[in-house]
Amino acid sequence: MSTGSIATPLGPRYTGASITDKIADVVLERPVHWAWVVGFGIATALTLLLLVAISYLFAKGVGIWGVNQPVAWAFALTNFVWWVGIGHAGTFISAFLLLLRQHWRTSINRFAEAMTIFAVAMAGLMPILHLGRPWFFYWLIPYPNVMNLWPQWRSPLVWDIFAIGTYVIVSILFWYMGLVPDLATLRDRTRVRWKQIGYGLLALGWRGEARHWARFDTGYLLMAGLATPLVISVHSVVSLDFSFGLVPGWHSTIFPPYFVAGALYSGFAMALVLAIPMRAAFGLRDFITTRHLEKMATLMLVTGLLVAYSYLVEVFNAFFGGNRYDIAALANRYFGPYAPVSWSVVLCNVVLPQALWLRAVRRHPGALLVLGLVVLVGMWLERFMIIVASLSRDFLPSSWHIFEPTFWDLATLAGSIGAFAFLFLLFVRFLPAISMSEMRKLVHAAEPRTGLATRSDLA
Amino acid sequence: MSTADDTSGNGVRASGAKPTGTAARSPVDPVSAGDDDAHVRLYGLLGEFATPNALVQAARAARERYKHVDAYAPYSVEGLAEAVGFTRNRVPLVALLGGLAGGAGAYFLQWYTAVIDYPIDAGGRPLHSWPAFIPATFELTVLGAALAIFFGLWLMNGLPRLNHPLFNAPDFDLASRNRFFLCIRASDAAFDLHDTTHFLRSLHSLRVSEVREEAA
């Protein structure tokens, strides 16, 4: 937290020039790595699978999935909540840590923001896909129409489209705004004509004038100030989709903070899962250092403990409240047909991540990669547990029904992961994965002899 | 390009030796002396610096003699905008107005549709159920402010502007990497090619070059 600790983990040999060259050359000069090609091939195949799954869904309807009554929400909503949550850590890193003047965030905010945008894009698909008539999704948007209808403003599903829509737009604006000075750098550095034109158009003619920078800094900081409450509001609204329902296991006031903690938890896990291979494949270990991984691992541990606490409070509330349906829903969750899922959640989200208490684990990239994947799986299963296990057994035992996924359920999930990877792999090849202008500022601020103010005076 | 850079750098020094009459027109184009673009209008003189401190000090000194001074840096340098005379930052005001417009618009829309245009009596609950209107109001407040910041920022910065005389200047591609530049524009009343060149050189700049309105 202290501004004095910005003595960057980058090592003394980096200057504004060398840092720029190194990051820009990942995009401009570095030849395509075989690992990237293999990953891109797999991601493309899965993206095609997603397109096939969507096409077949549009042709046949949601009956191709395993959904039934009462489990009308299953994989699509699980995927939706999971993907939105993953996106949240990106905004948290780029906006909230900026406000808290955490200088180490500079190395990781750009790719974390990209992660946010691609995750939210995947999330945004899911509610549309699960509509019976997806071609009418725009009916949620208030516009004067020939049916003379307006949305029902008291419904969290309507709040959802405002929250998600705002989140997508603000995330893209924030990301692109931060990219503009770096796009200008790429424009100035490349000697290939089509890249000069392409990056030049995207850079909007940025030339680094002092007044422009002053407005840019203010705008960026204000944007961060807006994005921070936004990210909390988005997952709170998503959780209200559930807690406004009367289903036992959903109808709870703990949901907003519980969902936000889980969102950040899965998001830090995804950030680690993306950062560790990326820094190895593109030689960025000097920028995304072990220290960065350790900090992200610490945040993952903290949010994981909040999630574990939420699980405990759910149990406590059920018995403290004494509502027989809540108690039954809880018993069903941990001892009913979905008990293996629920205990896997406890294992993945509560038990295994305790290894992060050990400093050696927090500093070991391989271990962090495995733990990140474990948490991602655990968080997906948690969303599944909340949604499906609760729905499958509501008030009337005569209507109880088990959900079993079909091939198309699994294809949509795998395809969305593939499409996310597809977008992310394109991003690391065509755009700077680390903010060059912020790194230059950080390097200069870390040099005491220049006597410059630190980044904390950016406001 | 690199050869043109070199001649231009030397050219300024050569032309700096002779006294020049008018501010806006230089008798000899330093970039390609003798070519037919000698008539291309002068945009200003550009001094190049190695460190942000040198640039801030140069900018302060330049502002004492000139008004039309611009500074260029590869990242936001503390105090540089103030050194070139930037005082009124309107970005926060624009953000506030955008947020207010978004929030007020959202609340009005909800109130109008739920109370006036399409009232639904749900178990006798009030039509103007303001707590339920808060989430959409909050989201659109944020959206309005963010859109205002984003578009207001580019508008106030005069961007997008894909071409600019400075992009013709030698070394200016380093302005997005590790070099710092100070431009004194020819439009300034106190601008004089000879004097201003000497002035910029006296600030310990790495090089001083002329910037033309069009590509040479």
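The model is predicted. Chain B comes to 6 helices and 4 strands.

**A:Thr185**

- A:Thr185 lies in helix H5 of chain A.
- A:Thr185 has 28 other C-beta atoms within 10 Å, so this residue is buried; the cut-off for buried is 20 or more.
- Beyond its neighbours within four places in sequence, A:Thr185 is in contact with A:Thr20, A:Ala24 and A:Met436, and also with B:Ser176 and B:Arg177.
- A:Ala281 is 96 residues from A:Thr185 in sequence, and their C-alpha atoms are 22 Å apart in space.

**Helix H4 of chain A**

- Helix H4 of chain A spans residues 109-129, which is 21 residues.
- From first C-alpha to last, H4(A) reaches 30 Å, close to the 30 Å expected at 1.5 Å a residue.
- H4(A) is mostly covered, with 19 of its 21 residues buried.

**Chain B: overall layout**

- From the N terminus on, the elements of chain B run α-β-α-β-α-α-α-β-α-β.
- Of the 216 residues in chain B, 44% are buried.
- Among chain B contacts between residues at least 6 apart in sequence, 73% join residues at least 24 apart.

**Chain B: strands S1 and S4**

- Strand S1 (residues 42-49) and S4(B) run antiparallel and are joined by 6 bridges.
- B:Gly44 has B:Val211 in S4(B) as its bridge partner.
- Strand S4 (residues 207-212) of chain B is mostly covered, with 6 of its 6 residues buried.
- In a regular strand the side chains alternate between the two faces of the sheet.
- One side of S4(B) carries B:Arg207, B:Ser209 and B:Val211, and the other carries B:Val208, B:Glu210 and B:Arg212; all are buried, and both faces are covered.

**B:Ser187**

- B:Ser187 lies in the loop between strand S3 (180-185) and helix H6 (193-202) of chain B.
- B:Ser187 is partly exposed because 13 other C-beta atoms lie within 10 Å.
- B:Tyr43 is 144 residues away from B:Ser187 along the chain, yet their C-alpha atoms are separated by 7.5 Å.

**Backbone features in loops**

- A:Pro70 sits in the loop between helix H2 (34-60) and helix H3 (75-99) of chain A.
- B:Pro160 lies in the loop between helix H5 (130-156) and S3 of chain B.
- A:Asn148 is not a glycine but has a positive phi of about 60°. This residue lies in the loop between H4 and H5 of chain A. A:Asn148 is exposed, with 8 other C-beta atoms within 10 Å.
- A:Leu204, not a glycine, has a positive phi of about 60°. Its place is the loop between H6 and H7 of chain A. A:Leu204 counts as partly exposed, with 17 C-beta neighbours inside 10 Å.

How values were computed. Residues numbered from 1 in each chain as written. Chains lettered and ligands numbered in written order. Predicted model: local features only at pLDDT ≥ 70, side-chain atom pairs only at ≥ 80, totals over all residues. Helix = DSSP H or I, 4+ residues; strand = E, 2+ residues; numbered from the N terminus. Buried ≥ 20, exposed ≤ 12 C-beta atoms within 10 Å, placed from the backbone. Contact = placed C-beta atoms within 7 Å. Pairing = 2+ DSSP bridges. Expected span 1.5 Å × (residues − 1).
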